[in-house]
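User: I want to learn how to read features off a structure. Please take me through one, with the general idea before each case.

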Amino acid sequence: MSGINEFIANEVKSNDVVLFMKGTPGFPQCGFSGQVVQILDYIGVDYKGVNVLSSNELRQGIKDYSNWPTIPQLYVKGEFVGGCDIIREMFQAGELQTLLSEKGVAIKAA
């Protein structure tokens, strides 16, 4: 299982914003992943989507990596931010945009 942890760690560290999700940003395959994609697209942040449906090892590995039971999972600058409910609440309160700005991640919408 160490191989999958290395893969996840590399994705998290080498991309400013990473969304581990079911499906892809262009074709989310669950409603929760779709909601987070809509939020990220709305605020105009560049991010990498990683499809956990591509392998069972990755699907379980990301849950173990973050110690978080659900997908999607959003990481910003190597730090786990949360899943769909947390991201939605942060976005509605303006906290997600603030977090991204404070971390030095460019966003297009205020």
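User: Start with charged pairs. Which side chain meets Glu11 in a salt bridge?

Analyst: The general idea is brief. Side chains of opposite charge can pair when their charged atoms come close. This model is predicted. Here the partner of Glu11 is Lys48, at 2.8 Å from N to O. Glu11 sits in helix H1, residues 2–14. Lys48 sits in strand S4, residues 48–51. Lys48 is partly exposed, at 32%.

User: How many salt bridges does the whole structure hold?

Analyst: A search finds five. One of them joins Lys77 and Asp16, with N and O 3.5 Å apart. This pair also links distant parts of the chain, 61 residues apart. Lys77 is in the loop between strand S5 (73–76) and strand S6 (79–82). Asp16 is in the loop between H1 and strand S1 (17–21). Both ends are partly exposed: Lys77 has a relative accessible area of 38%, and Asp16 has 42%.

User: What about Asp46: which residue does Asp46 bridge to, and how far apart are the closest N and O atoms?

Analyst: Asp46 bridges to Lys108, and the closest N and O atoms are 4.0 Å apart. The cut-off for a salt bridge is 4 Å. Asp46 lies in the loop between helix H2 (31–43) and S4, while Lys108 lies in the segment after helix H5 (95–102). The pair therefore ties together parts that are 62 residues apart in sequence. Asp46 is exposed, at 62% relative accessibility. Lys108 is exposed too, at 67%.

User: Now the cores. Which residues of the largest nonpolar core touch the most other members?

Analyst: The background first. In soluble globular proteins, nonpolar side chains tend to be buried together. In this model, the largest nonpolar core has 20 residues. Leu19, Val45, Leu74, Leu96 and Leu100 touch the most other members. S1, H2, S5, H4 and H5 each give two or more residues to this core. H2 gives the most, with five.

User: Where is Ser66, and is Ser66 buried or exposed?

Analyst: Ser66 is in helix H3, residues 56–66. Ser66 is buried, because its relative accessible area is 17% and the limit for buried is under 20%. A polar atom of its side chain lies 3.1 Å from the backbone nitrogen of Trp68. Beyond four places in sequence, Ser66 touches Gln73, Tyr75 and Phe80.

User: Zoom out. What pattern does the chain follow along the sequence?

Analyst: The pattern is α-β-β-β-α-β-α-β-β-α-α. That makes five helices and six strands. The radius of gyration is 13 Å, close to the 13 Å that the globule rule gives for 110 residues, so the chain is as compact as a globular protein of that length. Along the principal axes, the C-alpha atoms fill a box of roughly 40 × 25 × 20 Å.

User: Last, what share of the 110 residues count as buried?

Analyst: The share is 42%. Contacts reach along the chain as well. Among those between residues at least 6 apart in sequence, 61% join residues at least 24 apart.

Definitions and conventions:
Residues numbered from 1 in each chain as written. Predicted model: local features only at pLDDT ≥ 70, side-chain atom pairs only at ≥ 80, totals over all residues. Heavy atoms only, no water. Helix = DSSP H or I, 4+ residues; strand = E, 2+ residues; numbered from the N terminus. Buried < 20%, exposed > 50% of the residue type's maximum accessible area, 1.4 Å probe, protein only. Polar contact = N/O pair within 3.5 Å; in protein donor to acceptor, adjacent residues only side chain to side chain. Contact = heavy atoms within 4.5 Å. Core = buried A, V, L, I, M, F, W, Y, C linked by side-chain atoms within 4.5 Å. Rg over C-alpha atoms; globule rule 2.2 N^0.38 Å.
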